[in-house]
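Trainee: I have a model open and would like a close look at one part of it. Please set that part in the context of the whole chain.

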Amino acid sequence: MKQIYLLRHAKSEWDEPYDTDLERTLSRRGKEQSKALRDYLKESRFEFDQCYVSPAERTHKTYATLRKEILRFPKPELRESIYDADKEDLLFLLQGLSPSVRSVCLVGHNPGLEDLGSSLLFGETEFSRFQKFPTASFLGLSFSEDSWKNLSWGSCQLAVFWIPGQIGKE
C-alpha cells in the first residue's frame, strides 16, 4: 500500500511588491493556516518517506512551519517541475518514484494539485470534482499497488481531506 499526500501552500502575500511570483511569501493568514495544519498533522501522526517541494518561497515556508515541530517529517527536496505543473506532470513525477518509497508528500500549487487529486480519485475528468481545494489543503490518498509505475487516473482511494476552515476570516 502506497500513500500520497498533496499539500497546497498556505495563503500567500499579495499586498507586497515582488520581482517574481516565486518570491511571494506567506501572509499573516497563511502563517495561521500553516500552524493549524501543523497541529492537525502532529495529532494525526501522519508520516511520509519523501517530500518534494516547489521552488516557490510560499511552499518552503509552509513546509518549514510543519517541520519546525514535527521532526519525523523528512527534509524537503526541491523539484522545479512542481511549480506551474499540470496533473500529467505530477503523475509522471509520482510514477518515477522508487518502489522502496511507501509514502510521498508533494507541496505545490493549484490548479495542478487539485486536478491531480481529483483525477487520481475519480478518473480522468475535465474539471475537478472538489467543491473547494483552498490554500493549506491537505489531501491523503491510498494506492494499493506495489509499483508507482501503475499509478493511474481513478486508482486511489481517499484517506483524508483537511482544509483550514475559517482561520483568519474574521
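Trainee: How far apart are the mean positions of the 24 positive and 26 negative charges of the protein chain? And, as the part to look at closely, with which side chain does the side chain of Lys87 make a polar contact?

Mentor: One caution before the numbers: this is a predicted model. The charges come first. The mean position of the 24 positive charges and that of the 26 negative charges lie 6 Å apart.

Now Lys87. This residue sits in helix 3, which covers residues 87–95. Is Lys87 buried or exposed? Its relative accessibility is 9%, so Lys87 counts as buried, the cut-off being under 20%. Its polar partner is the side chain of Glu124, at 2.8 Å.

Helix 4 spans 112–122, and a loop joins strand 4 (103–108) to it. Pro111 lies in that loop. The peptide bond from Asn110 to Pro111 is cis, with omega near 5°. In general, most peptide bonds are trans, and most residues other than glycine have a negative phi.

Take Ala136. Its phi is positive, about 70°, yet Ala136 is not a glycine. Ala136 belongs to the loop between helix 4 and strand 5 (138–143). Its relative accessibility is 0%, so Ala136 counts as buried.

Then take Arg45. Here phi is near 65°, again positive in a residue other than glycine. Arg45 is in the loop between helix 1 (28–44) and strand 2 (50–53). Is Arg45 buried or exposed? Arg45 is exposed, because its relative accessible area is 53% and the cut-off is over 50%.

Tyr5 is placed in strand 1, residues 2–8. Tyr5 counts as buried, at 6% relative accessibility. What does Tyr5 touch, residues up to four places away in sequence not counted? The contacts are Phe46, Glu47, Phe48, Ser103, Val104, Cys105, Leu106, Phe138, Leu139 and Gly140. Follow the sequence on to Pro134. Tyr5 and Pro134 are 129 residues apart in sequence, with 15 Å between their C-alpha atoms.

Now step back to the whole chain. The protein chain has four helices and six strands. Their order along the sequence is β-α-β-α-β-α-β-α-β-β. The radius of gyration is 15 Å, close to the 15 Å that the globule rule gives for 170 residues, so the chain is as compact as a globular protein of that length. Its C-alpha atoms fill a box of roughly 45 × 35 × 30 Å along the principal axes.

How does the chain divide its contacts and its surface? Consider contacts with a separation of 6 or more: 74% of these join residues 24 or more positions apart. Of the 170 residues, 48% count as buried. Lys87, Tyr5 and Ala136 are among the buried ones. The accessible surface comes to about 8800 Å². Carbon and sulfur atoms hold 47% of that surface.

To return to your part: Lys87 is a buried residue, in helix 3, with a polar contact to Glu124.

Conventions. Residues are numbered from 1 along each chain as its sequence is written. This is a predicted model: local features need pLDDT of at least 70, side-chain atom pairs count only at pLDDT 80 or more; totals for chains, interfaces and linings use all residues. Side-chain values use heavy atoms; hydrogens and water are left out. Helices (H or I, at least four residues) and strands (E, at least two) are DSSP runs, numbered from the N terminus. Buried means under 20% relative accessible area, exposed over 50%, partly exposed in between (1.4 Å probe, protein chains only). Contact means heavy atoms within 4.5 Å. A polar contact is a pair of N or O atoms within 3.5 Å; within protein, one must be able to donate a hydrogen and the other to accept it, and residues adjacent in sequence count only if both atoms are side-chain atoms. The radius of gyration is taken over C-alpha atoms; the globule rule is 2.2 Å times the number of residues to the power 0.38. Accessible areas come from the Shrake-Rupley method with a 1.4 Å probe; for residues, only the protein chains shown count as cover. Lys and Arg count as positive and Asp and Glu as negative; His and the chain ends are not counted. The place of a charge is taken as NZ of Lys, CZ of Arg, CG of Asp or CD of Glu.
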